[in-house]
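Dear colleague,

I am passing a structure on to you, and I would be glad if you could look through it before reading my notes. The notes follow below.

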Amino acid sequence: MHSKTHEAILVVDFGSQYSHLIARRIREQNVYSKIVSHKITPEDVKQQNPKGIILSGGPASVYASGAPRCNEKLLYMDIPVLGICYGFQLGSQILGAEINSSENREYGNTRCTVKDHSTLFSSLDDSIDVWMSHGDQAMELPDDFQSLAYSDNCPYAAARHKERDFYGVQFHPEVTHTPSGKQILNNFLFKICGCSGDWEMSSYIKSAVEKVQKQVGKEKVICGLSGGVDSAVAAALIYNAIGSNLSCVFVDNGLLRMNESESVIKTFKENFKVDLHFVNARERFLEKLSGVTDPEQKRKIIGHEFIDVFKDEANKIADIKYLAQGTLYPDIIESVSAHGGPTVTIKSHHNVGALPSELGFELVEPLKELFKDEVRKMGSELGLPDDIIWRHPFPGPGLAIRIIGDITEDRLQTLRFADEIMIQEIKSAGLYGKIAQAFAVFLPVSTVGVMGDERSYENVIALRAVESTDFMTADWVKIPYEVLARISSRIINEVRGVNRVVYDISSKPPSTIEWE
Ligand code: XMP
């Protein structure tokens with residue numbers, strides 16, 4: 001769907017933590033971008049027919065042995081190339097420059113003077129602030145290169161090759177700390193690559209619908225709804241493509257938030273006349289989880305049980321050939337990253353909620369080229385309510401990993417009430433949309449309190465609220481004291497069995513977002 005129907009920019013990944021960000025910044029300017037491995041062949045590039053190529057940054061030094069390199073022909077294909085940091089050093093090295101470890105390392109905000117406003121720096125001031133993060137740099141470049149900007153320590157903060165369409169910046173235009181970065185990328189896309197900006201959600205939806213129709217034809221598709229935005233948007237899109245040939249399955253595992261299953265069912269019944277199968281599997285899950293306290297064990301049990309329940313339900317629907325999954329672009333990028341791939345298992349997220357290939361279905365993954373914000377945009381254009389589109393992410397194992405230790409019906413009920421109060425208060429303070437994830441956690445420790453004249457000895461609720469863009473790192477949110485005070489007093493007054501509320505002030509890393 002990408003380069004065949006949309007103009008595309010390829011972001012060649014050398015293992016930079018910012019490669020995602022480069023791709024997003026480009027898409028924000030209505031140009032489709034795709035992250036590809038640095039091992040991409042010139043033939044593959046030719047086939048994808050990009051308007052431009054960006055060589056990403058990366059943690060290595062270009063002269064280190066084993067440093068990732070790209071095929072040198074990429075710089076000789078008559079396709080404009082922009083190298084960022086490592087990508088700049090590598091590109092200039094391929095074109096004949098010598099790159100050295102520099103005494104003048106630069107990290108953080110740096111002021112640059114622009115020498116040439118004709119291309120990359122068109123419509124920018126003479127002096128700009130940029131974000132640097134490099135040890136190596138080109139102190140001298142051959143005569144074929146022209147410096148476009150310099151800083152105190154970096155004579156080639158930006159440069160271009162005089163003959164080839166190769167441009168390079170030593171700084172990071174993709175991060176918000178480079179305020180003119182958006183304009184610099186815009187100049188590359190529109191002035192240098194000649195893009196027209198044809199990446200729009202409405203046209204993307206049209207081609208995504210056609211693609212689903214072409215893939216599945218008259219066959220039937222099944223989709224598991226979780227209540228989250230990804231599966232809801234995938235289902236809505238597929239419904240638009242094939243209507244009643246889509247069946248959705250919603251499993252209530254007993255680990256959902258307050259009124260969650262009712263609200264998902266209502267949304268799908270009201271907005272789409274989709275064939276919806278509701279499975280009440282609460283007892284089945286809770287029985288299997290009885291007495292289990294280890295978080296990974298909980299995840300495994302829930303994952304397996306979900307597959308079994310889903311399989312049973314799918315068997316009741318005749319002739320299903322395809323399974324729809326709400327896989328997003330970031331879920332698949334790891335497989336192309338230079339040094340990518342998960343290292344140690346901190347939590348086995350990816351094993352929960354994903355359905356295995358043994359189910360025997362072929363996959364339909366209509367969101368796999370999209371970032372989360374694009375999925376939300378799509379959902380909104382497809383008519384899904386804001387409540388689903390902007391809902392905070394909720395883990396597959398649900399409240400099971402927000403009750404520390406044993407899961408019981410009583411604890412689930414206590415946690416649901418506390419969680420609901422927290423969310424209500426955050427919403428009424430106008431904070432919900434500014435927070436990436438907020439929730440309550442049940443702590444099975446009894447602490448002493450005094451209620452009226454009575455001594456109480458009851459449980460603790462911890463509140464967690466984080467800001468995050470990618471959920472890989474997160475900061476705890478500085479919720480105003482008066483909001484915290486309201487949440488705390490309401491929980492203690494309204495939720496039976498709780499006499500203490502604490503606020504989690506740990507960031508990730510080292511603390512993960514969920515407590516288990
Ligand atoms: P952590 O706790 O690792 O969470 O900082 C990062 C993000 O992942 C979610 N999460 C999960 N999602 N199954 C899921 O589907 C899981 O087992 C799981 N554990 C954590 C978490 O809510 C946060 O958004």
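Which residues in α7 meet which residues in α12? In this predicted model, Val229, Asp230, Val233 and Leu237 are the residues of α7 that take part, and they meet Lys372, Val375, Met378 and Gly379 in α12. Sorted by class, this contact of α7 with α12 comprises five nonpolar residues, one polar residue and two charged residues.

As for the geometry of this pair, helix α7 covers residues 229-242 and helix α12 covers residues 372-381, and their axes come within 10 Å and cross at roughly 45 degrees. The two helices, α7 and α12, are therefore oblique to each other, and their crossing is left-handed.

The other pair I looked at consists of helix α9, residues 282-289, and helix α10, residues 295-316, whose axes come within 10 Å and cross at roughly 150 degrees. Because angles over 145 degrees count as roughly antiparallel, α9 and α10 are described as roughly antiparallel to each other, and α9 passes α10 in a right-handed crossing.

On the α9 side, the contact is made by Arg284, Phe285, Lys288 and Leu289, while α10 contributes Lys298, Ile301, Ile302, Glu305, Phe306, Asp308, Val309 and Asp312. By class, the contact of α9 with α10 has six nonpolar and six charged residues, with no polar ones, whereas the contact of α7 with α12 does include one polar residue.

Technical notes
Residues are numbered from 1 along each chain as its sequence is written. This is a predicted model: local features need pLDDT of at least 70, side-chain atom pairs count only at pLDDT 80 or more; totals for chains, interfaces and linings use all residues. Side-chain values use heavy atoms; hydrogens and water are left out. Axes are lines fitted to C-alpha atoms, for helices over the stretch in contact, and angles run from 0 to 180 degrees between N-to-C directions. Helices (H or I, at least four residues) and strands (E, at least two) are DSSP runs, numbered from the N terminus. Angles under 35 degrees count as roughly parallel, over 145 as roughly antiparallel, 65 to 115 as roughly perpendicular and the rest as oblique. A crossing is left-handed if the near helix is turned anticlockwise from the far one by less than a right angle, and right-handed if clockwise. Contact means heavy atoms within 4.5 Å. Ala, Val, Leu, Ile, Met, Phe, Trp, Tyr, Cys and Pro count as nonpolar, Asp, Glu, Lys and Arg as charged, and the others, Gly among them, as polar.
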